[in-house]
Amino acid sequence: MGQETPPIDDFIRTPLTKTIDIDNIITIHYFEFVKDYVFTGERHNFWEFLYVDRGEVQVTVDHTTHMLQQGTIIFHKPNEYHSFHALNGKAPNLIVMTFDCHSQAMCHLEDQVMQLKDEERNLLAKIIEEAKHVFAFPFDYPLHRRMDGLLGSEQLIQSYLEIFLLQLIRSKNEVPPAKSLSSAVREKNHEDIVSKVIAYMEDHIGHHLTLEELSHTFLISKTQLKDVFKHQTESTVMEYFLKLKLHKAKLMIREGNSNMTEIASQLGFSSVHYFSKAFKKKMNMTPTEYARSVKSRLVN
């Protein structure tokens with residue numbers, strides 16, 4: 001005879017312990033600042049993190065100064081005074097998020113400055129993506145829920161944020177799992193190829209590059225280049241090159257040293273009309289509208 005099944009009401013439940021529990025979010029921001037931006041500082045009774053997506057900033061916490069480069073995050077605990085300013089004439093892109101969390105485990109992130117890994121950057125991107133699905137973008141304070149928000153986005157924001165924080169806490173003492181030599185070498189080779197292609201595109205941002213030219217330059221077949229690039233970046237080669245051009249355009253607009261015609265020419269667009277059309281398709285606003293929005297944030 002098999003083990004007797006207990007009555008339906010007698011099954012023992014095991015409650016799950018939560019190490020990190022996010023109670024509320026206060027703000028979510030993806031800031032694109034001008035090159036000389038200065039934030040004079042604030043203090044508040046909730047958690048905040050600042051992630052440098054592009055550029056460099058100097059962050060001052062009470063009387064301590066930190067230099068944050070691209071890919072770096074800093075955490076500010078409740079009631080900690082903090083300020084920052086852009087460095088080296090570069091217009092920074094920053095993700096700033098504030099939230100309530102009373103979990104004891106957050107003490108591991110107090111005063112931490114960390115370099116994010118790919119997995120952690122992907123989680124951060126998912127938080128921003130879900131936030132755009134449910135809150136009006138550009139994000140404002142207080143956050144405004146969209147009438148057509150996607151089902152479950154708010155819970156996903158909470159879940160991704162909790163996983164993100166847990167990953168960072170774990171990574172402080174985590175030993176990375178061993179990879180087989182062959183797969184590790186192959187993955188490293190693919191990463192190197194993509195990194196070199198991206199660097200080449202950045203160095204030739206004003207040129208009309210083609211897949212054939214890149215294939216010839218890096219001695220790799222077009223098919224393999226397309227597959228490797230798609231695997232590493234989740235984007236086609238030419239889509240990525242256009243994205244680089246448009247991000248460079250945004251930086252040039254924010255730095256304010258060139259007009260739209262000059263920017264279009266320097267980035268290899270055939271005309272300012274085509275530049276404006278490509279910009280609007282990807283950014284949902286024209287270059288001129290973007291310039292006005294940047295100036296508005298600076299004034300405010």
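I take contact to mean heavy atoms within 4.5 Å, and I take helices (H or I, at least four residues) and strands (E, at least two) as DSSP runs numbered from the N terminus. The model is predicted, so I note that local features need pLDDT of at least 70 and side-chain atom pairs count only at pLDDT 80 or more, while totals for chains, interfaces and linings use all residues. Residues are numbered from 1 along each chain as its sequence is written, and side-chain values use heavy atoms, with hydrogens and water left out.

**Entry 1: helix 6 and helix 8**

I looked up which residues meet, and found Leu242, Leu246, Ala249, Lys250 and Ile253 of helix 6 against Phe275, Ala278, Phe279, Lys282 and Met283 of helix 8. By class, the residues of this contact divide into eight nonpolar, no polar and two charged, where Ala, Val, Leu, Ile, Met, Phe, Trp, Tyr, Cys and Pro count as nonpolar, Asp, Glu, Lys and Arg as charged, and the others, Gly among them, as polar. Helix 6 (residues 237-255) and helix 8 (residues 272-283) pack at about 100°, their axes 11 Å apart, which makes helix 6 roughly perpendicular to helix 8. Axes are lines fitted to C-alpha atoms, for helices over the stretch in contact, and angles run from 0 to 180 degrees between N-to-C directions; 65 to 115 degrees counts as roughly perpendicular.

I then traced an open sheet of five strands, with order 1-8-3-6-9 and antiparallel pairing, counting two strands as paired if DSSP finds at least two bridges between them. Strand 1 (22-32) and strand 9 stand at the edges with a single partner strand each, so one side of each is left without a neighbour in the sheet. The twist averages 20° from one strand to the next. Strand 1 pairs with strand 8 (residues 93-101) over nine bridges, and isoleucine 28 has methionine 97 as its bridge partner in strand 8. Helix 2 (residues 153-171) lies across strand 1, strand 3, strand 6, strand 8 and strand 9, and runs at about 85° to strand 1.

**Entry 2: strand 6**

Is strand 6 mostly covered or uncovered? I found five of the five residues in strand 6 (residues 72-76) buried, that is, under 20% relative accessible area with a 1.4 Å probe and protein chains only. Thr72, Ile74 and His76 lie on one side, Ile73 and Phe75 on the other. Four bridges join strand 6 to strand 3 (residues 47-54), with phenylalanine 75 as the bridge partner of phenylalanine 49, and three bridges join strand 6 to strand 9 (residues 113-115).

Definitions and conventions. Buried means under 20% relative accessible area, exposed over 50%, partly exposed in between (1.4 Å probe, protein chains only). Angles under 35 degrees count as roughly parallel, over 145 as roughly antiparallel, 65 to 115 as roughly perpendicular and the rest as oblique.
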